[in-house]
Amino acid sequence: MRHVLTFAAVAPGTLLASAAFGQQAGGFASRDQSAAGQGMSFAGEGTSSMGLGAMFWNPAAVTQVRSWGVEGNFAASFPRSNIASNPAFANPAIETLNQCGTGFCDLFSSVSDNQVFPSLYGAYRINRDWSVGLSVTQPFAFSSHIGFTGNLVNGIPTSGIFQQVATAASMSSIDVNPVVGWRVNDKLSVGIGPQFLWLRNTYDRDLFPLPNIVPPNANLGSPVTQRTDGFGAGVTAGLTYTPTPATEIALGYRSRVKTNLSGSQFFVGNAALLASPVTAPFSGATVNVSGNATLPDQVSLGVRQRIDDRLSVLGTIEWTHWSVLSNIAYTANNGPAPGQLANVVNFNYHDGWFFSLGAEYRLWRDTTLRAGIGYDVSPVNGTLGFIALPGGNTTTLSAGLSQKIYPGLTFDFGYSYSWIADQLIVIGPGNPDQARYTTLIPGIFNSAGGTTSGHNQVVSVGLRYAFDPPPPPLIVKAK
């Protein structure tokens, strides 16, 4: 038992981890930054078909304005991810404490919470060759929770098999990206700009595999909450190349961003911690923690090919360098164990890929229809996913439209439905999170595992306004 309590003192929490819901850009990044792009599964990233929203992937898109323009988008994501624990991967001791029966033990539904993704873009042409712009987006955001399992003993919820790994997690961000674009010639434009990123996240878990009884508020599982936020900076760059009037190629780059995170962990006071002098100082304590998180860089290639005056086809290949985010180490800055390692976040990611094909068809002069299909290769490395935010390879179908409702003013709509492949997560040998489980015999850890499944729906709307200056007046010589 002393081994259990010592581990609880030096490794009280964790941060966040992987999710790949619908148009999530793998991991915990969001691709929902353009309503027009949503309607074709983001085929043609960075091309003019996405309006000013193309600036998110390719800052050279700022040069498409003739005078000035603005665009706002709002996406609502409705992910549904379920977890079914499998006793075949669980140490019997965990199942005994969990008081579950045979077969699939715990069934967790609706693990993922709904999310919204607002974005705003603006651009202004200074002269024939130079333009400036600004985008404000939320590139990283998600929320999840693992609630009670529904298994009751004498009317009281039992403990959950995954509660020592995570009970809830969330993240939100704001990215501000001013850019400048240069029209090199009639075929080539380039753009570049700094990005400033604010990141905020939360994480909850229990130290012990015991139930948290609300009445009479025993909290035997010993909940720990972590709240951190931080700031980082990077750069975006890109180019637009039009070798022919019918062909547009967009190449974009978003750099990795190193964020300096700081915040606190709070240990709910309860008798489970007070039972040992090793953990008693943590009961009710707030410990300040700090660490660094490197968010991945990304390269995207978008192509738009006009077939005729009505039909265009588009495609995207996107690579995200998720393998730079293997783990994050947090240090305790005060409290009962200052200077010690307070937490290690284990992501175990490999790089992610995204592919999509789409089309847009101008039905009438002011109406354009869109459709597309996308496939996201999840960065989750085999069975080493994080149970609070499960992810898997994702297939997405999308449809949308654009409607001009006033000279210069366009309404965009996009809808996507995503199928997330089943993913087995085993918290056992080889998974660093296994160390979070209670050890009955020192050096021998308990194990657990389960299968995740899910789907996602995203609805996105946008408005864009482009001010086109009137043509110069004709000069007629007097007779």
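In strand β22 (residues 448–467), S460 is the bridge partner of G414. This pairing belongs to a predicted model, in which local features need pLDDT of at least 70, side-chain atom pairs count only at pLDDT 80 or more, and totals for chains, interfaces and linings use all residues. Residues are numbered from 1 along each chain as its sequence is written, and side-chain values use heavy atoms, with hydrogens and water left out.

**Strands**

Strands are DSSP runs of E with at least two residues, numbered from the N terminus, and two of them pair if DSSP finds at least two bridges between them. Strand β21 and strand β22 run antiparallel and are joined by 17 bridges. Strand β21 (residues 409–427) is also antiparallel to strand β20 (residues 394–406), and twelve bridges join these two; here D412 in β21 stands opposite S402. β20 and β21 form a hairpin with two residues between them, and G408 in the turn has a positive phi of about 90 degrees. In a regular strand the side chains alternate between the two faces of the sheet.

**Aromatic rings**

The structure holds 13 aromatic pairs, where rings of Phe, Tyr and Trp (its six-membered ring) pair if their centres lie within 6.5 Å, and planes under 30 degrees apart count as stacked, over 60 as edge-to-face and the rest as tilted. The pair of W68 and Y465 is tilted, because the ring planes stand at 50 degrees, with the centres 5.6 Å apart. This pair links distant parts of the chain, since W68 is in strand β1 (residues 68–85) and Y465 in strand β22, 397 residues apart. W68 is partly exposed at 34% relative accessibility, and Y465 is partly exposed at 27%; buried means under 20% relative accessible area, exposed over 50%, and partly exposed in between (1.4 Å probe, protein chains only).

The pair of W322 and Y349 is edge-to-face, because the planes stand at 70 degrees, with the centres 5.2 Å apart. W322 lies in the loop between β15 (311–320) and β16 (327–332), and Y349 in the loop between β17 (341–346) and β18 (352–364), so this pair ties together parts that are 27 residues apart in sequence.

**Charges over rings**

A charge sits over a ring if NZ of Lys or CZ of Arg is within 6 Å of the ring centre and within 35 degrees of the ring normal.

| Charged residue | Ring | Distance from ring centre |
|---|---|---|
| R31 | F354 | 3.7 Å |
| R254 | F56 | 4.1 Å |

Definitions and conventions. Helix = DSSP H or I, 4+ residues; strand = E, 2+ residues; numbered from the N terminus.
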